[in-house]
Amino acid sequence: MIGDNPDALYYFAPLNLSMSPSQQGYILTGTLTQEETYMSVTLYGASTQTGFAETVVSEINSIDLMGRRRQDEDEDQDDRQRTKDHQQQQEEEETRQQRRYTVYLTPEKPSSSFFSDGEGSAWLRMNTNVTCVITRHYFERAGTPAQNDPTLNLDLHIRPYYDSGLSSSSSASSSSSSP
């Protein structure tokens, strides 16, 4: 789905409100690319008058989801212990790890055995009005716009969520999160 400018990509997925009794929602997973400057996940609800997805039910963005980047505790010590090549490989892997995210789209917060409410993980509350999820991905690029780049592949997945131990407490507020 094309976004509102040449360096924006939007992805849309309809959500099935008549889920099977064993399905409690969806899990959205992905990894922010190095070029991605901003990402958001928004759940939309249907208007009672038109039936179209017009109401924002819940939302989270990459700033809220990923938090601030962690700094090495002691860069000088790391420099002494590793070669530059090894250090660079490790930093690249740490950056990839830090840029991975999981967003649970469920009516109730998943149980703690399935859900880690930390950096890179969030929960968005679904209600009976939710009809779709839209993810927005923004880039700042010189040259080929994101919408015209056939080599730009986003790591973005949505799948049904089955959790036999959904938390009975729904006290957690939805974080600000998709496709």
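Predicted model: local features only at pLDDT ≥ 70, side-chain atom pairs only at ≥ 80, totals over all residues.

Numbering runs from 1 along each chain as its sequence is written, and side-chain values use heavy atoms, with hydrogens and water left out.

**Stop one: the antiparallel sheet**

Pick out the four strands in the order E1-E7-E3-E4, an open sheet with antiparallel pairing. (Strands are DSSP runs of E, at least two residues, numbered from the N terminus; two of them pair if DSSP finds at least two bridges between them.) Now colour E1 (8-14) and E4 (53-61): these are the edges, and each has a single partner strand, so one side of each has no neighbour in the sheet. On average, neighbouring strands here are turned by 25° against each other, direction ignored (axes are lines fitted to C-alpha atoms, and angles run from 0 to 180 degrees between N-to-C directions).

Next, select residues 36-46 and 130-139: strands E3 and E7, paired antiparallel over nine bridges. Which residue in E7 is the bridge partner of Leu-43? Show Val-133 and you have it.

**Stop two: the mixed sheet**

Move on to E6-E5-E2-E8, an open sheet of four strands with mixed pairing. Its edge strands are E6 (121-125) and E8 (155-161), each pairing on one side only. From one strand to the next, the twist averages 20°.

Finish by selecting 100-106, which is strand E5: E5 and E6 run parallel over five bridges.
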